[in-house]
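Please work through the following exercises on charged side chains and their surroundings. Each task is followed by a solution in steps.

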Amino acid sequence: MLLELKVKNLALIEEAEIEFGQGLNILTGETGAGKSILIGSVNMALGGKASRDSIRQGAESAYIELLFSVDTPEQEEALKALDIQVPEDKTLIISRKILPSRSTSRINDETVTALRLKQATALLLDIHGQHEHQSLLNLHHHLEILDAYARAETAPLKEETARAYGRYQELKQKLSAMEGGLEERLREADFLRFEIEKIQEAGLKEGEEEELSARYRKLSHARRIAENLGEAYGALEQDMMARVIKGVDQAAAYDEALKEIRDQAYEAESLLNDLSRSIQDYMENCVFDQEEFRQIEERLDLIHGLQAKYGNSEGAVLKALEEKQARLEELEHFDQIRSELEEELERAGEKLEELCSRLTQVRIREAEALSEKMRESLADLNFLDVSFVMEIRRLDHYTAEGWDEAEFLISTNPGEPVKPLREVASGGELSRIMLAIKTVLADTDQIPTLIFDEIDTGISGRTAQSVSEKLREISKTHQVICITHLPQIASMADVHFEIAKSVSQGKTVTRIKPLNREESVEELARLLGGAKITDAVRQNALEMKELAERTK
């Protein structure tokens, strides 16, 4: 459930904080007061597009924060599957900071990607915007609705179908890659044998290039090494330490406190003698071998040449060798491998067809049940004599979701045949049809919070009353947040907010205020009466509120 929304420096909103409640949360206000900005802020927090123009003029950044409660173990497990840990208090804070050049999103102070944010918030909240009902004109959305309704049966079948489809496509691509003439395959096989022979002759070993490079570097700088060590050895041969020890010894005869310094001098002499012998030994054994240098140089040239062609390391070259050997074996046993792939493809196709068929059977059965519930729900929304069916058609190809195409067909007039939704439904009717769908899906939908942004577009009168009752019905099992301009819907509010625009210090500011019962009735009167609110209008508003309370 969405507990709180905080917005700061977003468009007309300087600072706003809303505490939502359970049931039906209603937001009303004058046109242009900022209702769309409020829903837009939620969309932005959920990963929607946020431009620098959305930052309030004069502010450096905008900030949006949503506080959710995680109400069920199923939600918590789903979030954990996304590697999102739910704290002990079972809350999630989703925030977004919008700067002129970029924006950052966080879940409980952890920065997240847009994809991960959308995956998480899809479990918590669903927004139905002013124009979302237009998605009903997209046939693919019809199939998504059916599968959502029958999720318990379709979800596991669709997962299995997607895996089978992936394997089927993989085998088809492998067979397609094997197409080609005999001469082309023979040329490829000859070239592979040549490359394999060259790599094998090289006898590469892991780490060899690094070892040889170190040896090559030493030999190529042998003269410089000898000169530098000679200088160091010459410096050590000078009788400097003998003079140091003699001076310290003589001084120590007069002050016992110098004994420790004398001991340090003897120790330093011993260390320098050891160092001198080590340098001398190294110089005696450091012999430049011209033949060894040439062999290492040639070996490195060979290794670098292979790396330039097949990879930037010995491991990459050896991996390329394995791949070429596998491809050569495939070419040498071409007919056998192709036959095996064809048999495997046939089996994969049979499995995919069986899964698609099962998925279709489930969809046909569930489409009938969905259609019946849709007819009932549409009747509740003042479609007086409506026919609604869902047609399932088979495509001429497989997809990862089966081979089905679905379409809603409707008739809103007695005696008229059902026709595709896109051909007969008006904007207002589409809005109500989408609400009917949300109502039907509410029984199977696990998303706890639903937001409706002016779903009442294009309706009034008895139809508006029907829509308000339907929203109330959904709010019994879900938290519903609804922006509306209709008093019939606003009267059903469990929690009512007013969105108002005012001028403060020469700037336009949008404010959100929770209303008590008396204030809510006054707002209903404004919605009913417009500019002039009379006592009769107030009485009408009070009666509407009391009627709504009795129907809850």
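Helices (H or I, at least four residues) are DSSP runs, numbered from the N terminus. The model is predicted: local features need pLDDT of at least 70, side-chain atom pairs count only at pLDDT 80 or more, and totals for chains, interfaces and linings use all residues. Residues are numbered from 1 along each chain as its sequence is written, and side-chain values use heavy atoms, with hydrogens and water left out.

**Exercise 1.** Determine how Glu170 and Lys174 are placed in helix α5.

*Solution.* Step 1: helix α5 spans residues 151–177, and the two residues are 4 apart in it, which means a separation of about one helical turn. Step 3: Glu170 is partly exposed at 36% relative accessibility, and Lys174 is partly exposed at 40%. Buried denotes under 20% relative accessible area, exposed over 50%, and partly exposed in between (1.4 Å probe, protein chains only).

**Exercise 2.** Identify which helices hold Glu522 and Arg538.

*Solution.* Step 1: the closest N and O atoms of this salt bridge are 3.0 Å apart. Step 2: Glu522 belongs to helix α18 and Arg538 to helix α19, so the pair ties together parts 16 residues apart in sequence. Step 3: Glu522 is partly exposed at 33%, as is Arg538 at 32%.

**Exercise 3.** State how many residues of helix α4 are buried.

*Solution.* Step 2: among them is Asp147. Step 3: Asp147 is linked with Lys158, Arg363 and Asp404 in a network of salt bridges.

Note on methods
Salt bridge = Lys/Arg side-chain N within 4 Å of Asp/Glu carboxyl O.
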